[in-house]
Amino acid sequence: MYNSILVPIDISEDDLTHMVIPYVQAHAALNTSKVHFLTVIPSLPYYSALGLAYAAEMTKLEEFQRTALSKLDEIVKQFHIPAEKIHTYAVPGSPKDQILKLAEMINADLIIIASHKPHISTYLLGSNAGAVVRHAKCPVLVIR
């Protein structure tokens with residue numbers, strides 16, 4: 001039923017990753033699908049705006065991407081999905097924008113995304129999960 005499944009992973013949130021593992025495994029086993037794992041690296045202006053560091057002091061973006069992709073590859077091993085079914089991506093930008101962009105690019109049939117427990121500011125879903133649900137052109141399975 002699903003040929004292309006997108007799974008956004010926050011490499012800094014192990015608890016969220018563990019929540020989605022059984023759902024991704026089940027869908028990957030039931031379908032002949034490719035599973036696309038994505039991690040998004042906040043852009044350098046994001047860090048600067050928070051006062052965490054100046055852009056000039058930040059490690060080069062390419063190094064961030066290599067490190068993030070390496071970490072993502074390690075995380076993906078926990079899913080026990082055959083290597084020929086897996087594609088991994090590490091891209092800079094806004095998580096919700098990059099998730100939606102990749103979903104369009106790969107023609108995703110399903111997005112499986114974990115969501116934090118809601119806060120008063122996000123009410124029912126996390127802000128990224130909520131934006132993906134509102135704007136995705138395919139079904140979205142939100143795991144909490």
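The protein exposes about 8500 Å². Carbon and sulfur atoms supply 57% of this area. The model is a predicted one. Of its 144 residues, 39% count as buried.

The protein contains five helices and five strands. Along the sequence they follow the pattern β-α-β-α-α-β-α-β-α-β. Contacts between residues at least 6 apart in sequence were examined next; 78% of them join residues at least 24 apart.

Strand 2 and strand 3 run parallel and are joined by seven bridges.

The largest nonpolar core holds 21 residues. Val-7, Val-20, Val-24, Phe-37 and Phe-79 touch the most other members. Several elements each supply at least two residues of this core: strand 1 (4-8), helix 1 (14-30), strand 2 (34-41), helix 3 (61-76) and strand 4 (110-114). Helix 1 gives the most, with five residues. The surroundings of Val-7 illustrate the packing. Residues up to four places away in sequence are not counted; beyond them, Val-7 touches Val-20, Val-24, Val-35, His-36, Phe-37, Leu-38 and Ile-112. Another core, of 15 residues, lies apart from the largest one. Among its members are Ile-99, Leu-102, Ile-106 and Ala-136.

Thr-17 sits in helix 1. Its relative accessibility is 3%, so Thr-17 counts as buried, the cut-off being under 20%. With neighbours within four places in sequence left aside, Thr-17 is in contact with Ile-9, Asp-10, Ile-75 and Phe-79. Phe-79 is also one of the residues that touch the most other members of the largest core. In helix 5 (residues 127-135), the buried residues are Ala-129, Gly-130, Ala-131 and Val-132. Their cover includes helix 4, strand 4 and strand 5.

A search of the whole structure finds two salt bridges. One joins Glu-74 and Lys-77, with the closest N and O atoms 3.0 Å apart. Glu-74 is partly exposed, at a relative accessible area of 46%. Lys-77 has 53% relative accessibility and therefore counts as exposed, the cut-off being over 50%. In the other salt bridge, the side chains of Glu-104 and Lys-137 meet at 2.9 Å, N to O. This pair links distant parts of the chain. Glu-104 belongs to helix 4, whereas Lys-137 lies in the loop between helix 5 and strand 5, 33 residues apart. Glu-104 counts as partly exposed, at 47% relative accessibility. Lys-137 counts as exposed, at 73%.

Backbone geometry was considered last. Most residues other than glycine have a negative phi. His-80 has a positive phi of about 50°, although it is not a glycine. His-80 is placed in the loop between helix 3 and strand 3. Its relative accessibility is 70%, so His-80 counts as exposed. Asn-107 likewise has a positive phi, near 55°. This residue is found in the loop between helix 4 and strand 4. With 57% relative accessibility, Asn-107 counts as exposed.

Conventions. Residues numbered from 1 in each chain as written. Predicted model: local features only at pLDDT ≥ 70, side-chain atom pairs only at ≥ 80, totals over all residues. Heavy atoms only, no water. Core = buried A, V, L, I, M, F, W, Y, C linked by side-chain atoms within 4.5 Å. Buried < 20%, exposed > 50% of the residue type's maximum accessible area, 1.4 Å probe, protein only. Helix = DSSP H or I, 4+ residues; strand = E, 2+ residues; numbered from the N terminus. Contact = heavy atoms within 4.5 Å. Areas by Shrake-Rupley, 256 points an atom, 1.4 Å probe, with all protein chains shown as cover. Pairing = 2+ DSSP bridges. Salt bridge = Lys/Arg side-chain N within 4 Å of Asp/Glu carboxyl O.
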